[in-house]
Amino acid sequence: MLVFQIDGVSVTIDRRGSGPSVLLVHGLGGPAMWERVTPLLAAGHDVIVPHLPGFGESPPAGLPLSADDHALLLGRLLDTLGAGSVTVAGISYGGEIAAILAALLGAARPDRIRSLVLICPTGSRPHSPLLRTNFAQRMFRPFIRWALTRAWISDTLSRRSFFAISSRPQGLVRRYLDWLRQPGRADVLAETIGDVWSRGESLPGVVGRLVVPVRVVWGADDRTIPPGAALALEAARPGMRMTVIPRCGHSVPLEKPDELAAIIAEAVAYARVESP
């Protein structure tokens with residue numbers, strides 16, 4: 001693992017392999033979401049897996065970070081790494097961050113993002129305005145902090161994230177709880193969930209202004225964010241490539257790693273062919 005200081009924020013990354021660069025952005029499940037996909041892609045790609053501040057091996061930033069903040073941080077990380085042009089793939093909240101990153105860099109430096117893969121991303125459907133009020137945030141976040149550290153709640157949510165619980169990595173919930181009980185981690189997770197609730201611009205608005213090839217992937221049996229949420233993305237981006245993986249829940253990288261790695265590799269190859 002490598003550790004970088006980006007604008008005073010410590011970011012740990014896993015980096016392996018060589019070839020075209022692929023940035024994998026995790027969601028609330030942390031970088032462990034990519035543990036089955038990374039070795040598959042590393043056989044022919046330079047795979048970069050950042051641990052967002054407060055997740056995995058990266059310490060909390062010390063202040064709340066929004067999806068926009070994470071996207072800016074990752075843009076600066078790519079500059080620091082000298083990664084050049086990259087394909088970005090994001091799962092769940094990481095998909096929302098990946099889309100914002102592509103929009104930010106696409107406007108300023110369109111050569112930096114070659115293609116984008118969004119895996120059951122958050123933000124596809126607007127939330128109630130009531131959830132975006134300061135009162136709601138103050139009421140919900142203490143409950144979230146309490147609830148997420150309870151083993152039975154984390155196990156229930158994890159089971160719901162898989163189509164077949166037998167495909168869940170052994171000890172995944174235990175590892176997640178060990179991480180969550182470290183100082184400041186539950187606060188980071190509660191703040192992140194609050195950001196998912198309170199975002200102003202919806203994901204379709206971001207996707208609609210992207211200038212890079214976009215591929216969307218969804219588990220057919222996703223009960224966390226049902227695949228019907230993709231309709232709003234398709235309306236914002238007509239002709240967008242969409243893949244629905246059968247017998248798969250929300251944890252696509254862990255449940256169907258071979259299929260997802262092939263899709264990401266295809267997105268890399270497609271972008272290379274299409275680039276002038």
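Tutor: Let's start with Ser10. Not counting residues up to four places away in sequence, Ser10 touches Val3, Phe4, Gln5, Ser58 and Pro59. Keep in mind that this is a predicted model.

Student: Where is Ser10 found?

Tutor: Ser10 is found in strand β2.

Student: Buried or exposed? I mean Ser10.

Tutor: Ser10 is buried, because its relative accessible area is 16% and the cut-off for buried is under 20%.

Student: Which side chain makes a polar contact with the side chain of Ser10?

Tutor: That of Gln5, at 3.4 Å.

Student: OK, new spot. Where does Thr87 lie?

Tutor: Thr87 sits in strand β5, which covers residues 86–91. Thr87 is buried, with a relative accessible area of 1%.

Student: Which side chain has a polar contact with Thr87?

Tutor: Ser115. The two side chains are joined by a polar contact of 2.9 Å.

Student: And which residues is Thr87 in contact with, leaving aside neighbours within four places in sequence?

Tutor: Ser21, Val22, Leu23, Arg114, Ser115 and Val268.

Student: Let's talk about the core. How many residues has the largest nonpolar core?

Tutor: The largest nonpolar core has 84 residues. Those with the most contacts inside it are Leu24, Trp34, Val88, Leu101, Leu116, Ile119 and Ile264.

Student: Which helix gives the most to this core?

Tutor: Helix α3, residues 93–108. Helix α3 gives nine residues.

Student: Pick Ile264. What does Ile264 touch?

Tutor: Leave out residues up to four places away in sequence. Ile264 then touches Val22, Leu24, Trp34, Val37, Leu41, Ala89 and Val117.

Student: Now helices. At what angle do α6 and α7 pack?

Tutor: About 100 degrees, with the axes 7 Å apart. Helix α6 is residues 172–180, and helix α7 is residues 185–198.

Student: What do we call that arrangement of α6 and α7?

Tutor: Angles of 65 to 115 degrees count as roughly perpendicular. So α6 and α7 are roughly perpendicular to each other.

Student: Which residues make the contact?

Tutor: From α6, Tyr176, Trp179 and Leu180. From α7, Arg185, Ala186 and Leu189.

Student: Where is Cys120 found?

Tutor: In the loop between β6 (113–119) and α4 (134–148). Cys120 is buried, with a relative accessible area of 0%.

Student: What about phi of Arg247?

Tutor: Arg247 is not a glycine, yet its phi is positive, at about 55 degrees. Arg247 is in the loop between β8 (241–245) and α10 (252–255).

Student: Is Arg247 buried or exposed?

Tutor: Exposed. Arg247 has 56% relative accessibility.

Student: Next up, Pro257. Where does Pro257 lie?

Tutor: In helix α11, residues 257–274. At 12% relative accessibility, Pro257 counts as buried.

Student: How far is the C-alpha of Pro257 from that of Val37?

Tutor: The two C-alpha atoms are separated by 5.2 Å. Along the chain, Pro257 and Val37 are 220 residues apart.

Student: Which residues is Pro257 in contact with?

Tutor: Setting aside neighbours within four places in sequence, Arg36, Val37, Leu40 and Val252.

Student: And Pro20, where does that lie?

Tutor: Pro20 is in the loop between β2 (9–16) and β3 (21–25). Pro20 counts as partly exposed, at 25% relative accessibility.

Student: Last one. Where does Ala220 lie?

Tutor: In the loop between β7 (214–219) and α9 (230–236). Ala220 is partly exposed, with a relative accessible area of 34%.

Student: What is Ala220 in contact with?

Tutor: Pro227, Val244, Ile245, Pro246 and Cys248, leaving aside neighbours within four places in sequence.

Notes:
Residues are numbered from 1 along each chain as its sequence is written. This is a predicted model: local features need pLDDT of at least 70, side-chain atom pairs count only at pLDDT 80 or more; totals for chains, interfaces and linings use all residues. Side-chain values use heavy atoms; hydrogens and water are left out. Helices (H or I, at least four residues) and strands (E, at least two) are DSSP runs, numbered from the N terminus. Buried means under 20% relative accessible area, exposed over 50%, partly exposed in between (1.4 Å probe, protein chains only). A polar contact is a pair of N or O atoms within 3.5 Å; within protein, one must be able to donate a hydrogen and the other to accept it, and residues adjacent in sequence count only if both atoms are side-chain atoms. Contact means heavy atoms within 4.5 Å. A nonpolar core is a set of buried Ala, Val, Leu, Ile, Met, Phe, Trp, Tyr and Cys residues joined through side-chain atoms within 4.5 Å. Axes are lines fitted to C-alpha atoms, for helices over the stretch in contact, and angles run from 0 to 180 degrees between N-to-C directions. Angles under 35 degrees count as roughly parallel, over 145 as roughly antiparallel, 65 to 115 as roughly perpendicular and the rest as oblique.
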